[in-house]
Amino acid sequence: MATVSFKAASRVYPGTDAPAVDKLNLEIEDGEFMVLVGPSGCGKSTSLRMLAGLEEVNEGSIYIGDRDVTHRPPKERDIAMVFQNYALYPHMSVADNMGFALKMQGVSKEDRAKRVGDAAKLLGLEEYLDRKPKALSGGQRQRVAMGRAIVRNPQVFLMDEPLSNLDAKLRVQTRTQIAELQQRLGVTTVYVTHDQVEAMTMGDRVAVLKDGLLQQVDTPLNLYDNPKNKFVAGFIGSPAMNLLDADLVEGGAKLGDYVVPVDRAILAKAGNDKTLTLGVRPEAFKVADQGLPVHVAVVEELGADAFLYGTAEHNNEHQQIVARIDARMPVEKGSTIHLAADPAKLHLFSTSTEERLTA
């Protein structure tokens, strides 16, 4: 097992000015499950490929344990990669696919059979070892790809959106299996996804990237409760946080005729800004007699809860609102209700810097 360190690592693709990954500093602990998450083009897959040796590192360095692997070829890095498209050999059986890398390394037939058998037992693939990949479902193929990585006993697992080809139900099931498997094996794992729900449910820690820059790295719960800036706040959480433009007034932030109380010390941090961005999680809104008037567009009933989607008017502009309400509460589409935000659960962001404002 090993730690992984990105030390101001950058990747600039030929013909482009902006780095795809810009001076990434990230320390991954031994045995940790680290998830890299962000929108398309944020640099998460490039970061993973730099660690794998599939992309050149133009500046900075990458360490696996105490070894500088920045310019070493992939085969010398002691890593195993699980790809989005499984990358299985169609003419080989499951057993041969799983043991192929070992065969290339000159591992004996007996040792190969034992390691493949152990991995197959771990993954519930024992009855499929003689089948070809085309006879397997998408979830089973993904487990074969996992098995191929496991048999190599690498220092680091690298996973590049391994669940994106699976249907929704299978994704939920497989991500649980991967997280449980990683915990059992204790292998340092770097996992890339664009799905923030996947990131929140799987990672020991999550690194959020945007435009090649690391925005924040923390535990899933800390990212949710204490986002460092407006981007992280809007990206982490499903449904997303409400980010509302509000006017600064004495004692609070004003949305339409509704004034949300804000601590004076926080208001002072806004500097010369006349407005701020008010962040309210859907569960921090409550239906009230007084508050922000919201025109109800849709109510999504989910059994125990319901999500209310609507619009609020502020300075002649409509702002989208989502709130989590009691599913038994009678709210009709097309009606207008009032929502009050819990002052203890507000997130406030500077309009000019987009950084979080704290007292």
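These legends accompany a set of close-up views of a predicted model. Because the model is predicted, local features need pLDDT of at least 70 and side-chain atom pairs count only at pLDDT 80 or more, while totals for chains, interfaces and linings use all residues. Residues are numbered from 1 along each chain as its sequence is written, and side-chain values use heavy atoms, with hydrogens and water left out.

**View 1. Strand 14 and its two partners.**
Let's begin with strand 14, residues 275–280. Helices (H or I, at least four residues) and strands (E, at least two) are DSSP runs, numbered from the N terminus. Five of the six residues in strand 14 are buried, where buried means under 20% relative accessible area, exposed over 50%, and partly exposed in between (1.4 Å probe, protein chains only). Strands pair if DSSP finds at least two bridges between them. Strand 11 (residues 242–249) runs antiparallel to strand 14 and is joined to it by six bridges; asparagine 242 stands opposite valine 280. Strand 20 (residues 346–350) is also antiparallel to strand 14, with five bridges, and here leucine 278 has leucine 348 as its bridge partner.

Glutamate 198 belongs to helix 6, residues 196–202. With a relative accessibility of 2%, glutamate 198 counts as buried. Its side chain makes a polar contact of 3.1 Å with the side chain of threonine 193. Such a contact is a pair of N or O atoms within 3.5 Å; within protein, one must be able to donate a hydrogen and the other to accept it, and residues adjacent in sequence count only if both atoms are side-chain atoms. Leaving aside neighbours within four places in sequence, glutamate 198 is in contact with Leu163, Arg171, Arg175, Tyr191 and Thr193, contact meaning heavy atoms within 4.5 Å.

Ten of the 13 residues of helix 4 are buried, so the helix is largely enclosed by the rest of the structure. Among these buried residues are Gly139, Val144, Met146 and Ile150. The buried residues pack against strand 6 (79–82), helix 2 (94–104), helix 3, strand 7 (156–160) and helix 5 (168–185). In the loop between helix 3 (109–123) and helix 4 (138–150) sits tyrosine 128, which is buried at 13% relative accessible area. The C-alpha atoms of tyrosine 128 and valine 94 are 6.8 Å apart, although 34 residues separate them along the chain. Beyond its neighbours within four places in sequence, tyrosine 128 is in contact with Val94, Leu136 and Gln140.

**View 2. Aromatic pairs.**
The structure holds three aromatic pairs, and two of them are shown here. Rings of Phe, Tyr and Trp (its six-membered ring) pair if their centres lie within 6.5 Å; planes under 30 degrees apart count as stacked, over 60 as edge-to-face and the rest as tilted. Phenylalanine 33 and tyrosine 191 form a tilted pair, 5.6 Å centre to centre with 40 degrees between the planes. This pair links strand 3 (residues 33–37) to strand 8 (residues 188–193), with its two members 158 residues apart. Both phenylalanine 33 and tyrosine 191 are buried. The rings of tyrosine 89 and phenylalanine 100 have centres 5.0 Å apart and planes at 65 degrees, so this pair is edge-to-face. Tyrosine 89 lies in the loop between strand 6 and helix 2 and phenylalanine 100 in helix 2, so the pair ties together parts eleven residues apart in sequence. Tyrosine 89 is partly exposed at 34%, as is phenylalanine 100 at 23%.

**View 3. Charges over rings.**
The charged end of lysine 7 sits over the ring of tyrosine 63, 5.5 Å from its centre. Arginine 281 places its charged end over the ring of tyrosine 224, 3.8 Å from the centre. The criterion is NZ of Lys or CZ of Arg within 6 Å of the ring centre and within 35 degrees of the ring normal.

**View 4. Backbone angles worth a look.**
Most residues other than glycine have a negative phi, and most peptide bonds are trans. Serine 238 and proline 239 are joined by a cis peptide bond, with omega about -5 degrees. Lysine 23 has a positive phi near 50 degrees, and tyrosine 86 has a positive phi near 70 degrees.
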